[in-house]
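Let's take a friendly walk through a protein model. Have a look at it first, and then we'll go through it topic by topic.

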Amino acid sequence: MLRKLISIQSFSKEENKTADEIERFLQERQIKTYRKLNNIWAYNKHFDTAKPTLLLNSHHDTVKPNSGYTRNPYDAEIEDGKLFGLGSNDAGGCLVSLIATFLYFYDQEELAYNICLATTAEEEISGNYGLECVIPDLGELEFAIVGEPTQMNLAIAERGLLVLDCTVTGKAGHAAREEGDNAIYKALKDIEWFRNYQFSKVSEVFGPLKMTVTIINAGSQHNVVPATCVFTVDVRVTDAYTNEEVLKIIRTNVDCEVTPRSIRLKPSSIDKAHPLVQSGIKLGRTTYGSPTTSDQALLSIPSVKVGPGDSARSHMADEYVYVHEIGEGIELYISMLKPVINGK
């Protein structure tokens, strides 16, 4: 199945054909599917509304291949145990492993949890028409596994992301005279605050929250005092705060106008004592905090990010996943879920 998916171009917002393939694959196995745009989801055969539901989620969109490719990115060739191709590692290996896990539990009776499998679009661009748009359709969810390449280790927390556009307003004047109000000089105070401020709460997983000024734009010519200075701040929010709390603290302490591009990409976490995490630890998996964002940021329930493959291979030229990683991933997903889903 993964080789078939790799052979189909599925850039973000263009995933209709991989959605068709996933839909066909499940329906051929007599599984009822639901579809919204390019998102496909299904439930276990003996779904019981009286039981809580866990979510198995991964994405089938890809980035565009970078210029360093030496292979056809859509030729799903296997060499020396490596399955090459665009999206093989991010996140095709995770996706098919979670589908196999769903199939394993699909027709089992007397499970402690229902299972919802959601294969979604637009993850690579944090788009509005992927997981986020179908969450209301999935029903009430208790917790989630989000499939991303982690070498099957457990990302029990993920940083959120705020990108802030900050505007400082001064007054134009001639640089040769004592006139005007230099917006660059006014901005320096706020930039220095972003550089040095320490938030009082420190995450046990990530440590301090991190803010970095990354872009500055001001001025039009050498002899004009700039009337505006605009700068951008990249804020990596830890699980110690919500995005809204961080934004409020920032606005209280700076004079510039602060406009977030989005507050959707929230920090997320799951208690280390959660049965799913403890089950993974017993299988020898380690826990860590992920600095990168995924669809986990769109969930408001406890979630763990875990999957076969290696994040270091994501978006690289000649992307690949080891075939054995997929087999091991399926086994570990099933072994990790068994004591939880069987209520033992």
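Which residues does Leu56 touch, not counting residues up to four places away in sequence? They are Leu98, Thr101, Phe102, Ile115, Cys116, Leu117, Ala118, Ile145 and Leu337. Keep in mind that this is a predicted model. With that said, here's the briefing.

**Nonpolar cores**

- Leu56 belongs to the largest nonpolar core, which has 46 residues. Together with Ile145, Leu56 touches the most other members of that core.

**A strand with two partners**

- Strand β9 covers residues 160–169, and seven of its 10 residues are buried. In other words, β9 is mostly covered.
- β9 pairs with strand β13 (residues 228–237) in the antiparallel sense, and 10 bridges link the two. To spot one of these on screen, find Val168, whose bridge partner in β13 is Cys229.
- β9 is also joined to strand β14 (residues 257–260), again antiparallel, by four bridges. Here you can look for Asp165, whose bridge partner in β14 is Thr259.

- Ile31 sits in the loop between α2 (16–27) and β1 (34–36). Is Ile31 buried or exposed? Its relative accessible area is 3%, and buried means under 20%, so Ile31 counts as buried.
- Leaving out residues up to four places away in sequence, Ile31 touches Leu26, Ala42, Phe102, Leu103 and Tyr106. Phe102 is also one of the residues that Leu56 touches.
- Ser279 is part of helix α7 (residues 275–282). Why does Ser279 count as buried? Its relative accessibility is 8%, and the cut-off for buried is under 20%, so Ser279 makes the list.
- Setting aside neighbours within four places in sequence, Ser279 is in contact with Ser335, Met336, Pro339 and Val340.

**Cavities**

- The largest cavity is lined by 16 residues. Leu5, His60, Thr62, Gly87 and Gly92 lie nearest its centre.
- The elements that give two or more residues to this lining are α1 (2–6) and α3 (88–105). Of these, α3 gives the most, with five residues.
- What kinds of residues line the largest cavity? Six are nonpolar, eight are polar and two are charged.

**The largest pocket**

- The largest pocket has a volume of about 390 Å³.
- Its lining is made of 19 residues, and those nearest the centre of the pocket are Asp90, Glu123, Glu148, Thr292 and Thr293.
- By class, the pocket lining has four nonpolar, nine polar and six charged residues.

Terms used
Residues are numbered from 1 along each chain as its sequence is written. This is a predicted model: local features need pLDDT of at least 70, side-chain atom pairs count only at pLDDT 80 or more; totals for chains, interfaces and linings use all residues. Side-chain values use heavy atoms; hydrogens and water are left out. On a 1 Å grid over the protein atoms alone, a cavity is a set of points where a 1.4 Å probe fits but cannot get out, and a pocket is an open set with protein on both sides within 12 Å along at least five of seven lines; lining residues have an atom within 4 Å of a point. Ala, Val, Leu, Ile, Met, Phe, Trp, Tyr, Cys and Pro count as nonpolar, Asp, Glu, Lys and Arg as charged, and the others, Gly among them, as polar. Buried means under 20% relative accessible area, exposed over 50%, partly exposed in between (1.4 Å probe, protein chains only). Two strands pair if DSSP finds at least two bridges between them. A nonpolar core is a set of buried Ala, Val, Leu, Ile, Met, Phe, Trp, Tyr and Cys residues joined through side-chain atoms within 4.5 Å. Contact means heavy atoms within 4.5 Å. Grid points are joined across faces, edges and corners, and a volume is the space filled by probe spheres set on the points.
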